[in-house]
Amino acid sequence: MPDVLSIEHLTVSMHGRTILDDVSLTIRPGEFTGLIGSNGVGKTTLLRAILGLQRYESGSIAINGQPRTAQLDALGYVPQKIALDSDVPLRVIDFVTLGLDAERWGLRRRRRAQRDHVMATLESVGAAHLSTSRLSELSGGEQQRVFIAHALVRRPSLLLLDEPLANLDPRNVQEIVALLHRLSRDHQVAILLSAHEMNALLPFMDRVVYLTGGHCASGPTNEVVQTDVLSALYGHHVDVVQVHGRVFVIAEPNEATDNLPEHPTLTVR
Amino acid sequence: MINAWEVGTIVAVVAGVVGFVVVLRRDVFAAHVIPNGAFAGAAGASVVGWSPLVSLTVAAVATALGISGLRRYGQRDATTALVLVLALAIGSAFLSQSTQNASAAYGLLFGEILGASSASVGPLLLLGAVCIVAVLSRWRALLLSAVTPDVARAKGVSQGRLDSGFLIVVALATTLTVPVVGALLVFSLMVGPAAAAQLLVARPGRAMTLATGFSVSIMWLALVAAYATEWPVGFFVASLSTLVYLGARLVTHWRATHRRSTTRATHHQPTGRSS
Amino acid sequence: MHWLFEPGLFTSAPVRTALAVGTVAAVVSAVVGVFTILRGLAFAGHALTDVAATGGSGAVLVGASPLSGFLSGALIGAGAIAVSEGPESHHREIATGVVLSAATGLSALLLYLDATTTATTGVTQRVLFGSLFSTSASTVPLTVVLGTAVLVLTAVIARPLLLTSLSRELARARGIRVTLVSSAFLLIVAMAVGLSALTVGSLLSTALLVGPAAAAVRWTARIGRALLLASAIGVLSTWLGVVIAYDSYNWMPHQRSLPVGFSVVVVIVTVYLLSAMRTSGPRGDHRG
């Protein structure tokens with residue numbers, strides 16, 4: 001099976017500054033991948049490049065072995081935030097249904113099978129009880145689940161989420177991460193989500209993509225999340241410890257974000 | 001002619017100052033609606049039996065309160081639009097019932113500056129001063145709430161009251177400008193110069209001075225042109241105001257392209273641009 | 001019912017024309033209006049009506065039909081707004097304001113020239129406040145065709161438009177041509193506005209665009225129902241407004257009837273206020 005996502009030597013510049021420099025990474029089908037890096041390092045830029053929202057100077061991006069334009073329904077996207085007016089006349093179920101074919105011209109009668117599929121998707125994200133609520137009436141966490149359902153409704157190969165954990169409290173973080181992990185297993189969808197801190201993701205991540213100073217290093221979690229590896233990555237001492245059977249990364253308060261030192265076991269794949 | 005200059009200058013200065021805050025608060029639609037409300041009042045003057053200036057002021061203030069009141073209940077844009085059409089509808093009803101002729105309607109909408117009487121300068125000056133003082137006295141609060149409403153709220157600035165208060169100032173500013181520039185064109189004098197100034201200059205104090213400079217120059221040029229051609233003053237005000245704004249946009253565009261060609265590394269995340 | 005339906009109401013040809021044209025304008029405005037509200041374009045919609053007025057004033061000057069004047073004005077205005085939208089969204093409101101003021105200035109000139117160079121009188125009143133009762137019956141087929149075209153065009157872009165209105169990013173990620181869809185919608189608004197400017201006048205066609213739609217979305221969250229409800233409100237308001245205006249000839253002192261625009265708008269605003277009171281109390285806006 002081809003890689004779900006294959007990025008080769010990607011370079012992105014904006015306003016004369018190089019944001020991403022010769023970035024390469026691969027994601028296999030069904031992998032749960034965390035895109036980790038501090039704020040401003042280029043995580044959103046990378047996601048947008050994958051989605052075709054950001055121009056790049058050189059390199060290539062392949063989805064399931066093909067160019068993006070041939071695989072538009074293979075990608076699902078959950079943006080960080082959508083501002084909604086209080087009177088928007090759109091119910092949750094209609095919004096998720098829109099996810100099936102929003103780009104088509106004209107009107108279409110909805111078939112029974114489509115409706116059932118949409119409800120099933122809503123159930124899998126735990127939002128079925130909200131199906132007839134207005135989009136604008138939902139809480140932040142509920143909205144997030146609905147957007148995930150919207151992105152999932154076409155059963156994409158890869159789900160991209162931009163900082164989904166940013167404004168959540170620790171308990172909600174755990175719930176969402178567990179939900180995403182379960183969805184990735186149930187629907188065989190690879191997940192790439194960006195975050196600036198990886199602790200909540202450690203129990204579930206198959207792969208870590210670490211972005212710093214325009215460069216990227218990626219590898220399976222158990223290879224990357226080691227004291228010596230991360231210390232080299234961060235540029236200063238980092239501890240990887242186990243507490244109550246869970247793995248934690250403890251980094252010093254000021255993380256250096258510039259140079260990426262060489263490390264023998266890190267492979268840029 | 002002399003009175004037109006005095007009146008015009010006062011009107012332009014007030015429009016520049018008040019318009020600056022209007023553009024800062026991005027409340028452009030409201031600034032369009034309030035003068036139209038004033039129009040309804042002026043149209044109703046002869047029907048109701050009040051002096052035009054009084055009914056104009058009452059209508060403008062009522063419109064301002066109507067907007068800020070309704071706003072809290074629903075969509076900002078839609079409710080503002082409805083207040084507008086209601087005001088215009090009432091105005092049109094008054095017009096149909098009054099003994100005023102068509103040129104009176106025209107004058108109310110597009111201005112009659114060249115017919116300003118000498119008696120009007122004193123009260124105008126006073127009203128103008130009140131507006132300017134009101135804006136300057138709450139300058140910091142207005143700035144803060146326009147840029148970061150949450151911080152302003154945390155500091156105890158009541159958004160609702162600031163909103164109503166400011167809209168009333170716009171209403172008063174309108175009162176003195178409508179007889180001169182007309183209900184539909186007060187708006188050009190408030191928005192164009194201020195928008196241009198804010199594009200060109202970053203510091204608020206300087207931007208406001210620039211905005212006022214623009215509006216006064218526009219007014220003077222418009223007066224000269226109106227005298228020369230006998231065409232309506234409002235037409236020249238609007239055209240010049242548009243040109244000033246377009247000029248500012250061009251300058252901004254030129255600056256942006258010029259900056260991009262000189263490479264400079266900065267340490268903040270640039271916002272993504274779509275391909 | 002005699003007091004409401006004055007003698008001669010339904011046999012009067014101008015009234016029947018008024019009702020026909022008014023109904024088409026109301027339905028088209030309501031449907032387009034729901035999407036206008038969705039996209040927060042009420043100000044732009046209003047600006048287009050004023051630009052339509054400029055077109056209308058120009059039409060009188062060159063002797064063209066009011067409808068063609070309104071339409072060309074609105075379309076040019078839509079083009080100007082679409083083009084002047086800057087990279088940041090807040091430019092749009094200012095740009096809309098500037099387009100509006102430019103058009104209004106031009107209106108001032110054109111109406112002045114109308115009054116001084118042509119023989120037509122009362123142009124200001126008619127262009128701005130409507131001349132529904134004096135619309136000729138020959139306009140009816142044209143308005144029906146135009147109205148249908150607008151509705152069909154809206155149906156064609158409905159799905160991409162809906163997603164684009166919620167999130168441009170999401171739409172782009174799916175390959176939707178966001179600029180194309182947004183510009184197409186502005187053109188649709190321009191056509192709807194041009195059409196309704198004929199009935200209640202350019203100054204008040206904003207009411208037909210925004211009012212019924214704003215009321216409808218408070219009653220239902222289902223967009224299909226919102227479209228139907230808005231159309232119903234629009235049509236009923238227009239009919240009631242026409243009836244009131246016609247009857248007012250007998251009620252008002254001096255035998256001067258109220259303008260149609262006035263009565264239609266009062267009905268629309270009343271319906272909106274009733275709808276607004278339906279939901280409980282003040283609430284915050286997420287988008288200004």
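**Exercise 1.** Decide whether Glu230(B) is buried or exposed.

*Solution.* Count C-beta neighbours: Glu230(B) has 10 inside 10 Å. Apply the cut-offs: 20 or more other C-beta atoms within 10 Å means buried, 12 or fewer exposed, in between partly exposed, with C-beta atoms placed from the backbone. Glu230(B) therefore counts as exposed. Helices (H or I, at least four residues) and strands (E, at least two) are DSSP runs, numbered from the N terminus. Last, check the backbone: phi of Glu230(B) is near 70 degrees, a positive value in a residue other than glycine.

This is a predicted model, in which local features need pLDDT of at least 70, side-chain atom pairs count only at pLDDT 80 or more, and totals for chains, interfaces and linings use all residues. Residues are numbered from 1 along each chain as its sequence is written, and chains are lettered from A and ligands numbered from 1 in the order in which they are written.

**Exercise 2.** State how H2(B) and H3(B) are oriented to each other.

*Solution.* Take the angle: helix H2 (residues 28-48) and helix H3 (residues 52-71) of chain B pack at about 140 degrees. Angles under 35 degrees count as roughly parallel, over 145 as roughly antiparallel, 65 to 115 as roughly perpendicular and the rest as oblique. H2(B) and H3(B) are therefore oblique.

Note on methods
Axes fitted to C-alpha atoms, helices over the stretch in contact; angles between N-to-C directions.
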